[in-house]
Amino acid sequence: MSYQDYLRLDRYPTSWCPGCGIGTVMKTVAQAFEELGFKKDETTVISGIGCSGRAAGYFKMDTIHGLHGRALPLAEGVKLTRPEMNVVVISGDGDLAGIGGNHLLHACKRNNNITVICNNNFIYGMTGGQKSPTTGKGVITLTSPYGNSEEPINIQGIIRVNKRFYARTTTFHLQHMKKCVKEALQHPGFAFVDIVSHCVENYGRRLGFKNAYDMLMSFKQNYKIVEESKELADNELGIVR
Ligand SMILES: Cc1ncc(C[n+]2csc(CCOP(=O)(O)OP(=O)(O)O)c2C)c(N)n1
Ligand SMILES: [Mg+2]
């Protein structure tokens, strides 16, 4: 069994732009499935809507590509009716923390054993690059041409105030990303992996990045891995449980 056996390679090339970070996230999740020996008929991937939401359809198993913002209630429904399943959500920052934000609060509260992988590209990528809940203050986007006037939402705070598993990693830190995903998949409760991901076409280019490589190098420069933490600072990567 190889990680590729978890993917519908016949559907390639993917619909994502060249240089997109979602493929890296998808490959890492497939590798984690393989390394943990997850059976395809006991595993499902569920997404909302967005570029990140397209991930579910590339997994070679029964998956659900749901409505915008509704990945979490779908996932909880599957888990409640089929408790033996490994239930994994892969979706975007807009889907999970914007339109789906209320579901995030209640999924945290209920603590069902599901794993949420957030491809956090700080933008509504699919619809052209509007600011999302995670867009930083001052950042120029399609809908904040003079710089975002608001502070970003604190996803770690939402997860941790409910005492749930939270990990932050990036698409540059590949081994760390896999470690976070594997630990989240093995965590017996609600687990959220916040993956800082590069979107060049609809985010980075407005900020002066020329290509995906430049964005990845900025992640290398701006983030550091910490071994243990009770609360990650904005530039820190790690697992808090
Ligand atoms: C109910 C509803 N509202 C709005 C939209 C339009 N829409 C599609 S994707 C999207 C945002 C996606 O952003 P995100 O979840 O961050 O995913 P990304 O494309 O960045 O990966 C929006 C607003 C929709 N499809 N359905
Ligand atoms: Mg997004």
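Trainee: How much accessible surface does the protein have, and what share belongs to carbon and sulfur atoms?
Mentor: About 11000 Å². Carbon and sulfur atoms hold 51% of that surface. Keep in mind that this is a predicted model.

Trainee: OK. What share of the residues is buried?
Mentor: Buried residues make up 53% of the 241 in the protein.

Trainee: How does the radius of gyration sit with a compact globule?
Mentor: The two agree. A compact globule of 241 residues would come near 18 Å, and the protein has 16 Å. The C-alpha atoms fill a box of roughly 50 × 40 × 35 Å along the principal axes.

Trainee: What's the secondary structure count?
Mentor: Seven helices and ten strands.

Trainee: And the contacts, how many link residues 24 or more positions apart?
Mentor: 66%, counting contacts with a separation of 6 or more.

Trainee: Switching to the metal. Which residues coordinate the magnesium ion, ligand 2?
Mentor: D93 through OD, N121 through OD1 and I123 through O. The distances run from 2.1 to 2.2 Å.

Trainee: How are those donor residues spaced in sequence?
Mentor: The pattern is D-x27-N-x1-I. D93 and N121 link distant parts of the chain, 28 residues apart. D93 is in helix α3, residues 93-99. N121 is in the loop between β4 (114-120) and β5 (123-124).

Trainee: Are D93 and N121 buried or exposed?
Mentor: Both D93 and N121 are buried.

Trainee: What about F122, where is that one?
Mentor: In the loop between β4 and β5. Look at its backbone: phi of F122 is near 65 degrees, a positive value in a residue other than glycine. F122 counts as buried because its relative accessibility is 14%, under the 20% cut-off.

Trainee: What is phi of N111?
Mentor: Near 60 degrees, also positive in a non-glycine residue. N111 lies in the loop between α4 (101-110) and β4. N111 is partly exposed, with a relative accessible area of 29%.

Trainee: Which residues does the cis peptide bond join?
Mentor: Y12 and P13, with omega about 0 degrees. P13 sits in the segment before α1 (22-35).

Trainee: Last one, K178. Why does it count as buried?
Mentor: Because its relative accessibility is 13%, and buried means under 20%. K178 lies in helix α6, residues 174-186.

Trainee: What does K178 touch?
Mentor: T28, Q31 and E35, leaving aside neighbours within four places in sequence.

Key. Residues are numbered from 1 along each chain as its sequence is written. Chains are lettered from A and ligands numbered from 1 in the order in which they are written. This is a predicted model: local features need pLDDT of at least 70, side-chain atom pairs count only at pLDDT 80 or more; totals for chains, interfaces and linings use all residues. Side-chain values use heavy atoms; hydrogens and water are left out. Donors are N, O and S atoms within 2.8 Å of the metal (3.2 Å for Na, K and Ca); water is not among the atoms, so sites may look incomplete. Helices (H or I, at least four residues) and strands (E, at least two) are DSSP runs, numbered from the N terminus. Buried means under 20% relative accessible area, exposed over 50%, partly exposed in between (1.4 Å probe, protein chains only). The radius of gyration is taken over C-alpha atoms; the globule rule is 2.2 Å times the number of residues to the power 0.38. Contact means heavy atoms within 4.5 Å. Accessible areas come from the Shrake-Rupley method with a 1.4 Å probe; for residues, only the protein chains shown count as cover.
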